[in-house]
Amino acid sequence: MQVTVESGEGLEKRLNVDLPPEQVAAEVDKKLQQLSRTLRMDGFRPGKVPLRVIRQRFGEQVRQEVFGDMIKATFYEAASKEQLRPAGEPRIELRDGDQGYGYTAVFEVMPEIVLGELTALTVQRPVAEVMDSDVDAMVEKLRNQRTTWNEVDRPAQDGDTLHIDFVGYVDGEAFEGGNASDVPLRLGSGAMIAGFEAGLVGASAGESRTLDVQFPTDYRAANLAGKPARFEVVVHKVAEPVLPTLDADFAKAFGVEDGNVDTLRSEIRDNMARELRQKLRNLTKEQVFDALLAANPLTLPKAMVTEEAQRLKKQTQAELAQSGQGNVIDFPVSMFEPQAERRVALGLLIGEIIRAQGIKVDPARVRSTVEEFASSYENPQEVIDYYFKDRGQRAAIENLVLEEQVMDWLLGQVHVEDQQRSFADLMESGR
């Protein structure tokens, strides 16, 4: 087997392979011999068809099959001989070799990775803790989720819910979609355009009001954007919010069997702390991996990026289908390429760090990660058993832990500056 290599654009290589004709001929004869033992043809007993007849009838077909099998068998051998690491399946081009059996494999190779210097980089690591005020705010949020409404005979205030009829006019004409009947509207919610809710403060049940407002210039309906409008509104009912009392009944409603409010607050704090730890880990990991990418720009194999982008597209469509939205949108693959490029680059760099540093997954850390995840369920042990009995699920956790071990190693290489943040700021912001 003769092999030569040509370099193409970027990471592309062209591997030219010439196969020895005597090797091809020997394989063809071997396959014809195997065929002769089972072949049935009119006029001959099974297994007694002369080889020359089989060769005449099936020789070319067998030769093509043998050539295809030898291409598959020799490609990786030839690539290894030339110390090339293919980054995907090759495109095969048949050609006339020096002695008749040749092919060219066109493929991309894995980029050579030499980790850059990290010590000069700075990572902003967010730091936060759950304060009593954060727990108080969460308790109030839970109370608001269980708000009931009490109809009142007084003028409406911010926070009240009104039941209204309305008709909207633009240029003196009622417009499509501008009317509704018996609609609940909470004043101060921002559900309507500016001026609408404010114009109903002080209104009482049975009262009619005329509201002069203006649609914002970026309003979703282009025919209304930026235009002045008049709404005729009739108020049918005013109801004020009633928050539940923070008592034993409230605690029991959230699963605290003895109704102890302090127990409820403790459970809320534990849940918040768990969410915060996960958020801090994710944000720190994002910061560290951003630094890793900045210090190690790579030329990526297009095949790997395309494959990852396709996978992300399928994942997005599956999630939409699961949420009941169906696969009605055929997203272009290019939409997922930036995310795919980041994932492929990080995968290559993390893999090189694991190899170079000899990092092995920590079983104790795998167990603690599973236990922390399971702690939010009613029966944690069932969840723990599920993860450790299912090899695929356990492997997913092991990959996550290995990634975090790489993050820890990277934190030891870069300059780290702790950035104090509040719980509310961290949980409400994207970063």
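Author: Start with R14, which stands opposite V106 in β4. Strands pair here if DSSP finds at least two bridges between them. Strands (E, at least two residues) and helices (H or I, at least four) are DSSP runs, numbered from the N terminus.

Reader: Before going on, what kind of model is this, and how are residues numbered?
Author: This is a predicted model, where local features need pLDDT of at least 70 and side-chain atom pairs count only at pLDDT 80 or more, while totals for chains, interfaces and linings use all residues. Residues are numbered from 1 along each chain as its sequence is written, and side-chain values use heavy atoms, with hydrogens and water left out.

Reader: ok. What is the strand order in the open sheet of four strands?
Author: The order is β1-β2-β4-β3, and the pairing is antiparallel. β1 (2–7) and β3 (91–95) are at the edges with a single partner strand each, so one side of each has no neighbour in the sheet.

Reader: How much are neighbouring strands of this sheet turned against each other?
Author: By 20° on average, direction ignored. Axes are lines fitted to C-alpha atoms, for helices over the stretch in contact, and angles run from 0 to 180 degrees between N-to-C directions.

Reader: Different strand now. Is β7 mostly covered or mostly open?
Author: Strand β7 (residues 161–170) is mostly covered, with seven of its 10 residues buried. Buried means under 20% relative accessible area, exposed means over 50%, and partly exposed lies in between (1.4 Å probe, protein chains only).

Reader: Which strands does β7 pair with?
Author: One is strand β8 (residues 173–186), antiparallel over eight bridges, with Y169 opposite A174. Another is strand β10 (residues 228–242), also antiparallel, over nine bridges. There, F166 has V233 as its bridge partner.

Reader: Helices next. How do you describe two packed ones?
Author: By the angle between their axes and the distance between the axes. For helix α8 (residues 363–374) and helix α10 (residues 391–411), the axes come within 9 Å and cross at roughly 115°. α8 and α10 are therefore roughly perpendicular; the ranges are 65 to 115 degrees for roughly perpendicular, under 35 for roughly parallel, over 145 for roughly antiparallel, and oblique for the rest.

Reader: Which residues of α8 and α10 make the contact?
Author: From α8 they are R365, V366, T369 and V370, and from α10 they are I397, E398, L400, V401, E404, Q405 and D408. Contact means heavy atoms within 4.5 Å. These residues divide into five nonpolar, two polar and four charged. The nonpolar class is Ala, Val, Leu, Ile, Met, Phe, Trp, Tyr, Cys and Pro, the charged class is Asp, Glu, Lys and Arg, and the others, Gly among them, are polar.

Reader: What about α7 and α10, how do they cross?
Author: Their axes come within 10 Å and cross at roughly 75°, so α7 and α10 are roughly perpendicular too. I350, I353, I354 and Q357 of α7 meet L402, E403, V406, W409 and L410 of α10. By class, that contact has seven nonpolar, one polar and one charged residues.

Reader: There's a glutamate, E352. Buried or exposed?
Author: E352 is buried, at 17% relative accessible area. E352 lies in helix α7 (residues 337–357). Leaving aside neighbours within four places in sequence, E352 is in contact with I113 and L115.

Reader: Last one: where is A251, and what does A251 touch?
Author: A251 lies in helix α4 (residues 248–253) and counts as buried, at 0% relative accessibility. With neighbours within four places in sequence set aside, A251 is in contact with V256, G259, N260, V261 and L264.
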